[in-house]
Amino acid sequence: MKAVLWLAAIAVAFAAADTYVVVLALPDMMAGVGLSIEELQRAAPLISGFLLGYVAVLPLIGRLADLLGHLPVLVGGLVVFAFGSFLTALSWDLTTMVVGRFFQGLGGGALVPATLALVAVLYPAERRGVPLGLVSAVQELGSVLGPLIGAAVLAVADWRAIFLLNLVVGAVLAVAIRRLGRAKPPAPGRGRRPDLVAPPLLLIAGTAFVLLAIEPASLVQDLTWGALYVPTAGSSRWLTPLGLVTIVATLAALLKWGLKSGVRSVLRRISAEVDLLGALLLSIGLAGVILAFATADPEVAVFSEQGTWYLVAAGLALLGFVFHLRRAQDPIVPHGAFARMPAWGSVLVSFFVGAALVAALIDVPLFARTTIYGDSQLKAALVLLEFLVALPVGAVAGGFLTRRLPAGVIAGGGMLLAAVAFVFMARWDADALRSAWATVVLVCGGLGFGLALAPVNAAILATTEQSMHGLTTSFTVVARMVGMLVGISALTTIGLRSYYAAQADLPSLSEVCTGNGMCSEYQDLLIGAAIAQEHTVFAGAAISAGIAALLSVVLLRGAPTRALAPSETVTAL
């Protein structure tokens, strides 16, 4: 069973790597669907769609993991991730690509809470620190491997190969976890009869979809076969005969598979035991928050004018969710689930950890490009590796330390170390990255964030019942992702205002340069204004990390070193 855990951890790492791969491949993906680099705003749904899938329904998935078991959710998450990768790889328009990215986020997001809850099933509270640290480490290792995998694939193939690789890895891991997770093999002669309907239907759907995506010239230009590529209405490829065959064959295969595998009984159980109305209200609320900040233009405001309406919708949905929790008999968030301070404290700490972490992930490479690496995106990204390599090391160390020190002390110390690192970053000059001291600062920052990961997860697992670990850990993931969205939007907006203020104080070009062009002296002044922007962002990140440190010490101090028995949980609530 523990082999399944490490396969699940690998799956989490690979899904995390996919997030960073896309950042590198985004320009090529845009070109693949007919968008120029100047139309970057139109490509924003490729990011927000992934985040919607990753975050908005995560509490529901966590609840399903508690109800149906963690292994089915792990396998299902990998299948959905593989399907999203397949759809993205062969997409020909922006809509199809966004849908594929949504399914990738949905599948990838399901892996994290299910894996963390699986740790709680396999290990007692006093022994969870190390495996939690290792799971957190491999997850963060994905952020290190992502750019490297992307660069390696793009060096020998185009961006579609990245997602085809995701498809293969996701499918292989799903099969391996399903086989290892079986309690015992079926008795000889008593296995199920092979399905002779669904596989051929899926083969037909896949063939039609591939032909639709690649459009072989020999077929498109043929007088007879070319009709397969002519839409029956409108201009969408989905309305061509090949597109309709893909849709109908896929739905028929899924229906046949569902009838045979007992999906109907599972759906009936879900509708009877899961608070679907509460899940819907919570998902709408989270989706509104995500879209409000993901669609923002930091040069204008923290969130756009359209984002205001997203926030209004989110507020109404969350208000309805709170009202629903008071009236529902068995709500999606059980009564008392977060009654203990370390439980809800872990969620709050995760938010500020995410708000601070995103500043390092985004602005350290920006600082490198602004100061010493110019237009070399690769060299600027390699600077961040010093931070990212230290992060999983800190995660493992934090897991070991949970055996001897309180969770609040470890997490608080780690975030304090990260805050100090940001204070030094906020004092970097144009030549700072040429010094070995900058490497020390980046390594200390990565270690600090890593130290906080395992204790935060250990605290929420130890202060909630095992029957709701999938749900409660999903909230820490949601909080961290929302914190990253809010943090990057708010800190970038504040930083840009600092940049514009510094730029406004610059002398005119004619006062500095004697010729008609831009001289090096004026270029240095512009770089100084850009550095002022990054200093503001790093200072804001230091404040966020400091708040996370303080909250860790205060809110996680009551986290026990052993799991709560059901009777103790009732008493505590």
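I began with the rule for surface patches: they are made of residues with over 30% relative accessible area and no salt bridge, where like charges are joined within 9 Å and nonpolar side chains (Val, Leu, Ile, Met, Phe, Trp, Tyr) within 5 Å. Accessible areas come from the Shrake-Rupley method with a 1.4 Å probe, and for residues only the protein chains shown count as cover.

I noted that this is a predicted model, in which local features need pLDDT of at least 70 and side-chain atom pairs count only at pLDDT 80 or more, while totals for chains, interfaces and linings use all residues. Residues are numbered from 1 along each chain as its sequence is written, and side-chain values use heavy atoms, with hydrogens and water left out.

**Entry 1. The chain as a whole**

I looked up the secondary structure and found 21 helices and zero strands. Helices (H or I, at least four residues) and strands (E, at least two) are DSSP runs, numbered from the N terminus. I then recorded that 50% of the 573 residues count as buried. Here buried means under 20% relative accessible area, exposed over 50%, and partly exposed in between (1.4 Å probe, protein chains only). The chain has an accessible surface of about 25900 Å², and carbon and sulfur atoms hold 68% of this. For contacts (heavy atoms within 4.5 Å), I considered pairs at least 6 apart in sequence; 79% of these join residues at least 24 apart.

I located a nonpolar patch formed by Leu 239, Leu 244, Ile 247, Val 248, Leu 251, Leu 254 and Trp 257, with about 650 Å² of accessible area together. One of its members, Leu 251, lies in helix α10 (residues 241-261). Leu 251 is exposed because its relative accessible area is 54%. I recalled that an α-helix has 3.6 residues a turn, so residues three or four places apart point the same way.

I also found a positive patch of Lys 2, Arg 127, Arg 403 and Arg 404. Lys and Arg count as positive and Asp and Glu as negative, whereas His and the chain ends are not counted. The place of a charge is taken as NZ of Lys, CZ of Arg, CG of Asp or CD of Glu. Arg 404 belongs to the loop between α15 (377-401) and α16 (407-425), and at 69% relative accessibility Arg 404 counts as exposed.

**Entry 2. Buried positions in helices**

I examined Gly 495 in helix α18 (residues 469-504). Gly 495 has a relative accessible area of 0% and is therefore buried. Beyond its neighbours within four places in sequence, Gly 495 is in contact with Gln 533, Thr 536 and Val 537. The C-alpha atoms of Gly 495 and Val 537 are 5.4 Å apart, although 42 residues separate the two along the chain.

I next examined Asn 457 in helix α17 (residues 436-462). Asn 457 is buried, since its relative accessible area is 10%. With neighbours within four places set aside, its contacts are Leu 116, Leu 132, Ser 136 and Thr 476.

Helix α3 (residues 58-68) is mostly covered, with nine of its 11 residues buried. Among the buried ones I listed Arg 63 and Asp 66. Just after α3, Gly 69 takes a positive phi of about 110°.

**Entry 3. The salt bridge**

I searched for salt bridges (a side-chain nitrogen of Lys or Arg within 4 Å of a carboxyl oxygen of Asp or Glu) and the count was one. Asp 431 pairs with Arg 434, and their closest N and O atoms are 3.4 Å apart. Asp 431 counts as partly exposed at 48% relative accessibility, whereas Arg 434, at 59%, counts as exposed.
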